[in-house]
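This briefing is intended for a reader who has the sequence and the coordinates at hand. Please consult both while reading the points below.

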Amino acid sequence: MTTLGNKKQLQERAAQVIPGGMYGHQSIKFLTDDFPQFYARAQGAYLWDVDGHRYIDYLCAYGPNLFGYGHPQIEAAAARQQALGDTMTGPTALMVELAEEWVKQVKHADWAMFARNGADANNIALVTARAYKGRRKVLLATGAYHGAATWNTPAPAGITPEDRAHIVYFDYNDVDSLEAAVKSVAGDVAAIYATPFRHEVLHDQFLPSAAYARAVRRLCDEQDALMVVDEVRTGLRLSRTGSWDHFDVQPDLSCWGKTIGGGHAIAMLLGNDKARQAAQDIFVTGSFWYSATPMAAALETLKLVRSTDYLEHTHRIGDALRAGIAEQALRHGFVLKQTGPSVMPQMLFDGDNATLTLGRTWTSETVKRGAFLHPYHNMFMCAAMTDADVAHTLQATEDAFKVLKATVKLPLAA
Ligand code: PMP
């Protein structure tokens, strides 16, 4: 008996046994029917769906694919550990080694805790920060995503006002707004959460100012609150170390996930000595948080981070793709905003946000041609992408612009 089926059949079966047929960011209900929903395999920069189509994957599993799917060195280390034991009654020596290596890697870190998903790391940070001085208020940038927990998940269904009772919002990169938020709850601030840059769905991305990054640090110091930087999406893509090192701003806690396991399920909270006692006092755990295989994969990933030019390569590939698409958009008369670092690009057509007609049509055409671009979520470069992949993608985007021009009326056409 085969359990495989094509996309349509699997969608019909899923509709019976999976709520909504699919949930969370894996649901393709906001995309066109040309997007794949179920996958058969992945290798390097490529994904194959259950219907046998191959894509150059610019979603990179929504981030985790940094060195290429199935990287031989990472998979060999994972397989060796898997044969010895993965989820056991407790951790292996790898946990200590991994903590030691990450403490060496990231400037502010004096200790590490491991978990499974990025949301876990952010949850541990929140509890640690509240335990630090017994405070309640947690300041978040409006719209910032830190995981699907009741205190942050974007959809209101199932969430009570009490779940957010002690969450205070400010505008990202706006020092006045941040100061006002701190002032409104001064004396009861447990944490300020920051992300290295603004990377929310449906929004243009942007880098924050140094003044903002420094203000987060200063206000945390003034309040004796913990500064949390959520590196879950940015980690290892902007830098081999902390993403705000170039501002010379160090957090007390940083949350990591996605890339650090080289495709295996592991997340991490790094903290400094100031936060050590609080992290020791809280109770957090998970059945799979101590599993050894992802830790073996994470150690190997860190070796590749230190020994290869993956960072320079992914930035170069990202720049080449951005330059090529920018030239095409201009030539075809479209205003396509490519924002954020080119290694994590967001592509939104000007004036298209309400309906996403242009974005959905354009990406639909690239998907049909084997380049998996997304109409409203930021994308990611991986080290396995080559100049030939960029060339293939640019042919797909060129053809997609032509289709767009022929089928969709330009917005704001004079
Ligand atoms: N924080 C950020 C900045 C993220 O981008 C994400 C995931 N997109 C999370 C937290 C949550 O991570 P996970 O999905 O692994 O729980």
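The model is predicted: local features require pLDDT of at least 70, side-chain atom pairs count only at pLDDT 80 or more, and totals for chains, interfaces and linings use all residues. Residues are numbered from 1 along each chain as its sequence is written, and side-chain values use heavy atoms, with hydrogens and water left out. Helices (H or I, at least four residues) and strands (E, at least two) are DSSP runs numbered from the N terminus.

**Ligand site**

- The ligand is surrounded by Asn117, Gly118, Ala119, Asn122, Tyr145, His146, Gly147, His199, Asp230, Val232, Arg233 and Lys258, a residue being counted if one of its heavy atoms lies within 4 Å of the molecule.
- Helix H4 (residues 118–133) supplies the largest share of this shell, with three residues.
- By class, the shell holds three nonpolar, six polar and three charged residues; Ala, Val, Leu, Ile, Met, Phe, Trp, Tyr, Cys and Pro count as nonpolar, Asp, Glu, Lys and Arg as charged, and the others, Gly among them, as polar.
- A polar side-chain atom of aspartate 230 lies 2.6 Å from a nitrogen atom of the ligand.
- The protein buries 85% of the 390 Å² that the ligand exposes when taken alone, with areas from the Shrake-Rupley method and a 1.4 Å probe.

**Open sheet**

- Four strands form an open sheet of mixed pairing in the order E1-E2-E3-E13, where two strands pair if DSSP finds at least two bridges between them.
- Strand E1 (39–43) and E13 are the edge strands, each pairing on one side only.
- E3 and E13 run parallel and are joined by two bridges; isoleucine 56 stands opposite alanine 371 in E13.

**Hairpin of E11 and E12**

- Strand E11 (residues 336–339) and E12 run antiparallel, with four bridges between them, and lysine 337 has leucine 348 in E12 as its bridge partner.
- Six residues lie between the strands of this hairpin, in which glycine 340 takes a positive phi near 80°.
- Strand E12 (residues 346–349) is covered on both faces, with Gln346 and Leu348 buried on one side and Met347 and Phe349 buried on the other; buried means under 20% relative accessible area, exposed over 50%, and partly exposed in between (1.4 Å probe, protein chains only).
- In a regular strand the side chains alternate between the two faces of the sheet.

**Methionine 385**

- Methionine 385 lies in the loop between strand E13 (371–372) and helix H11 (387–407), and is buried at a relative accessible area of 1%.
- Apart from residues up to four places away in sequence, methionine 385 touches Ala45, Asp57, Tyr58, Cys60, His313, Ile317 and Phe380, contact meaning heavy atoms within 4.5 Å.
- The C-alpha atoms of methionine 385 and tyrosine 46 are separated by 8.7 Å, although the two are 339 residues apart along the chain.

- Most residues other than glycine have a negative phi.
- Alanine 61, in the loop between strand E3 (54–57) and helix H2 (72–84), has a positive phi near 60° and is partly exposed at 38% relative accessibility.
- Aspartate 248 also has a positive phi near 60°; this residue lies in the loop between strand E8 (226–230) and strand E9 (253–256) and is exposed, with a relative accessible area of 57%.

Key
Polar contact = N/O pair within 3.5 Å; in protein donor to acceptor, adjacent residues only side chain to side chain.
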